[in-house]
Amino acid sequence: MATKKLPAGVTRTDRTLMDGRTIRYYDTQGQVRSAEDQRPVEEQPSIGEMRLDPLNNEWVVMAAHRQNRIFLPPKELNPLAPSRPDALTEIPESDYEVVVFDNRSPSLRTMDQSPQIPTDLSFATAPAPAAGKCEVVCYTSNYDSSFKDLSEHQIRTVLEAWRDRTQELSQIPYIQHIAPFENRGEEVGVTLNHPHGQIYAYSYIPPKTERMLHVARAHFAKTGRVLLDDIVARELTDQVRIVASNDEWIAYVPYASRYPFEIHIAPRRSVADFIDLDEAASHSFAPIAKEVLQRLDGVFGVTMPYIASWHQAPVHEGRDVMRLHWQIQSVRRAPGKLKYLAGSESAFGAFMMDLKPEQSAQQLRDVKL
């Protein structure tokens, strides 16, 4: 059992699950984590492969073992609940604050040796191992909760888990990019309703990040300034798209939003990644995170499906031009109505919006908390 002290009074304790995976408990109340995983020993799935799509030079991961993963189990069979004598789960302890564990059915897996991932991409590029890391982040043991319902103390603990995992995963030699994200709602493909997110650590830079890096570098070369800094400055000048703010963070609907309700949250003092967040920024994150998600659910008075993704600089490049920020995107455009990504969006990546960003920002601001 290994322990590690983190900021904000958080202690991380590592334990091992029945198949050799690691589970990490993030606690603030001095808990002792000694419970053993009582489930029968089983083997972990083998690593999949990545194949290059030669039409656009993008990697596609083939992970056939995920076809049999659990799908929308009833609450009494929730695998992310604390264990009980009659219901053994992924978390051996009978309670927890925040836990992070290696995914039981990962798309990407770690390797003992660094894989050879081709960088000179072409039609003849051979498949490569699907190397990387997929982790599950459980925000709370309360099945009926949501990120917006967490206390500010609990959100800070989740933030410390994100920061800790970014720091540790960055030490794996072949990891190129680390991406924490959350899917909420069956409308966006959730297969477990317990409040949780995931962290993917890629052995390559994923397409959207690569595009953002290219654009950020071009902007810096042209202006000598960081792109996200200029974006935040424009929002502070225009004011009309700002949803919430405090001394350290700003939340705004982006100038060219792609979704009916899309909110970006960025530090006012820009940093490359989670590791660079200081105490003031870390402490101030929870209040604005709660407010923004409460406003999102308050627009129509219903639970809004969303994908919340953290974007930060890749591990080994772009740290001079890429900046940490959180993008929250919801496909709900009205009660009972979703924005489906149809031909233009899905086939060509060309988004069409029926709602101006200034309109959705006003709707979010009008929510009474």
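Among contacts (heavy atoms within 4.5 Å) between residues at least 6 apart in sequence, 67% join residues at least 24 apart. The model is predicted: local features need pLDDT of at least 70, side-chain atom pairs count only at pLDDT 80 or more, and totals for chains, interfaces and linings use all residues. Residues are numbered from 1 along each chain as its sequence is written, and side-chain values use heavy atoms, with hydrogens and water left out.

The secondary structure comprises six helices and 17 strands. Both are DSSP runs numbered from the N terminus, with helices being H or I of at least four residues and strands being E of at least two. The radius of gyration is 21 Å, close to the 21 Å that the globule rule gives for 369 residues, so the protein is as compact as a globular protein of that length. This radius is taken over C-alpha atoms, and the rule is 2.2 Å times the number of residues to the power 0.38. Along the principal axes, the C-alpha atoms fill a box of roughly 55 × 55 × 40 Å.

Of the 369 residues, 53% are buried. Buried denotes under 20% relative accessible area, exposed over 50%, and partly exposed the range in between (1.4 Å probe, protein chains only). The protein exposes about 17400 Å², and carbon and sulfur atoms supply 51% of that area. Accessible areas come from the Shrake-Rupley method with a 1.4 Å probe; for residues, only the protein chains shown count as cover. The protein carries 42 positive and 49 negative side chains. The centres of the two sets lie 4 Å apart. Lys and Arg count as positive and Asp and Glu as negative, while His and the chain ends are not counted. Each charge is placed at NZ of Lys, CZ of Arg, CG of Asp or CD of Glu.

A search of the whole structure finds zero disulfides (pairs of cysteine sulfur atoms within 2.5 Å). C134 is in no disulfide, and the nearest cysteine sulfur, that of C138, is 15 Å away. For C138, the closest cysteine sulfur is in C134, and 15 Å is too far for a bond. C134 counts as buried because its relative accessibility is 3%. C138 is also buried, at 0%.

Helix α3 spans residues 227–238 and contains E235. The relative accessibility of E235 is 0%, so this residue counts as buried. Beyond neighbours within four places in sequence, E235 is in contact with R241, I242, I250, Y252, V253 and Y255.

The loop between α3 and β11 holds Q239. Phi of Q239 is positive, about 70°, although the residue is not a glycine. Q239 is partly exposed, with 45% relative accessibility. V240 lies in the loop between α3 and β11 (242–245). At 38% relative accessibility, V240 is partly exposed. Leaving out neighbours within four places in sequence, V240 contacts E358, A361 and R365. V240 and S330 are 90 residues apart in sequence, and their C-alpha atoms are 20 Å apart in space.

A positive phi is also found at N57, near 55°, in a residue other than glycine. N57 sits in the loop between β4 (49–53) and β5 (58–62). The relative accessible area of N57 is 33%, which means that this residue is partly exposed.

I205 belongs to the loop between β10 (196–202) and α2 (207–223). Neighbours within four places in sequence aside, I205 is in contact with Q176, E210, L213, P314 and E317. I205 and I178 are 27 residues apart in sequence and 9.0 Å apart in space, C-alpha to C-alpha.

A281 is located in helix α4, residues 279–298. A281 counts as buried because its relative accessibility is 5%. Not counting residues up to four places away in sequence, A281 touches E248, W249 and R269. A281 and V215 are 66 residues apart along the chain, and their C-alpha atoms are separated by 26 Å.
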